[in-house]
Amino acid sequence: MKKLISFCLAVGLAAMSLTAIGADVAAGKAKTAMCAGCHGADGNSPAPTAPKLIGQNEKYIAKQLKDFITPVAKGGRFSPIMGGMAASLSETDRANVAAYFAGQKAPVAAAPAVSDDELAIGERIYRGGNEATAVPACIGCHGPKGNGNAPAGWPRLAGQHADYVVAQLQQFRLASQYPEDTSKGRRNDGDGKIMRDVTSRLTDREISAVAAYVQGLH
């Protein structure tokens with residue numbers, strides 16, 4: 001666990017010089033008209049199954065857009081909807097769109113209506129992991145307040161829809177269960193396979209609890 005946290009911090013520091021510069025936010029806003037139907041005009045998605053992009057880390061958004069047009073076997077991310085959307089954007093467009101959404105101030109979201117026990121489980125895993133099953137603390141990469149690591153391109157989780165977080169964690173876990181079958185699950189977490197490794201040891205209840213906790217994190 002300590003090694004993973006140290007790795008996250010090291011990568012974050014190494015990536016600090018790689019942040020995008022010179023993006024055209026106005027041009028990015030214009031390109032987001034096609035995103036509004038699912039993600040909201042400013043990225044504050046009203047749909048629990050569509051991720052909030054408002055205030056999301058710039059490098060993370062740009063990477064996901066690129067991953068949607070990259071073959072899964074080469075580290076991409078499959079989505080029949082987003083694949084077509086992302087394919088219509090140039091590299092400059094992707095950078096501009098990412099800059100626009102990242103520059104919007106994310107509102108504070110409340111945790112979903114779940115029991116105090118479930119929120120306590122989620123907080124415990126997020127902040128301390130689960131030593132018994134070698135699950136590292138989420139805080140190591142995603143930060144105390146869930147803001148992620150912008151220079152490293154790791155996502156903001158604070159305020160994200162719990163339903164969406166559950167779905168993504170389950171997809172990473174599915175990929176870990178079928179390492180050779182690229183048609184199953186999500187696997188664009190890099191060669192380190194951090195998310196696939198972590199989720200392989202999370203139960204359904206733990207996934208739901210973490211997702212509920214991060215939705216209300218701020």
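Q: What do the buried residues of helix 4 pack against?
A: In this predicted model, they pack against helix 5 (80-87) and helix 6 (91-102). Packing here rests on contact, that is, heavy atoms within 4.5 Å.

Q: Which residues of helix 4 are called buried, and what makes them so?
A: Helix 4 spans residues 58-67, and its buried residues are Tyr 60, Ile 61, Gln 64, Leu 65 and Asp 67. Buried means under 20% relative accessible area, so each of these residues falls under that cut-off.

Q: Why are the buried residues of helix 4 said to line one face?
A: Seen down the helix axis, they fall within an arc of 160°, so they line one face of helix 4.

Q: What makes the space lined by Lys 52, Ile 54 and Gln 56, among others, a cavity?
A: A 1.4 Å probe fits there but cannot get out, so the space counts as a cavity. The largest cavity has a volume of about 90 Å³. Its lining also includes Ala 106, Pro 107 and Arg 156.

Q: How many cavities of 30 Å³ or more are there?
A: The count comes to 1.

Q: Which classes make up the lining of the largest cavity?
A: The lining has 5 nonpolar, 3 polar and 2 charged residues.

Q: What volume does the second largest pocket have, and which residues are closest to its centre?
A: Its space is about 220 Å³. Of 14 lining residues, Gly 75, Arg 187, Gly 190, Asp 191 and Arg 196 are the closest to the centre. By class, the lining has 7 charged, 4 polar and 3 nonpolar residues.

Methods:
Residues numbered from 1 in each chain as written. Predicted model: local features only at pLDDT ≥ 70, side-chain atom pairs only at ≥ 80, totals over all residues. Heavy atoms only, no water. 1 Å grid on protein atoms, 1.4 Å probe; cavity = no way out; pocket = protein on both sides within 12 Å on 5 of 7 lines; lining within 4 Å. Points joined across faces, edges and corners; volume = space filled by probe spheres on them. Nonpolar A, V, L, I, M, F, W, Y, C, P; charged D, E, K, R; others polar. Buried < 20%, exposed > 50% of the residue type's maximum accessible area, 1.4 Å probe, protein only. Helix = DSSP H or I, 4+ residues; strand = E, 2+ residues; numbered from the N terminus. Arc of directions from axis to C-beta.
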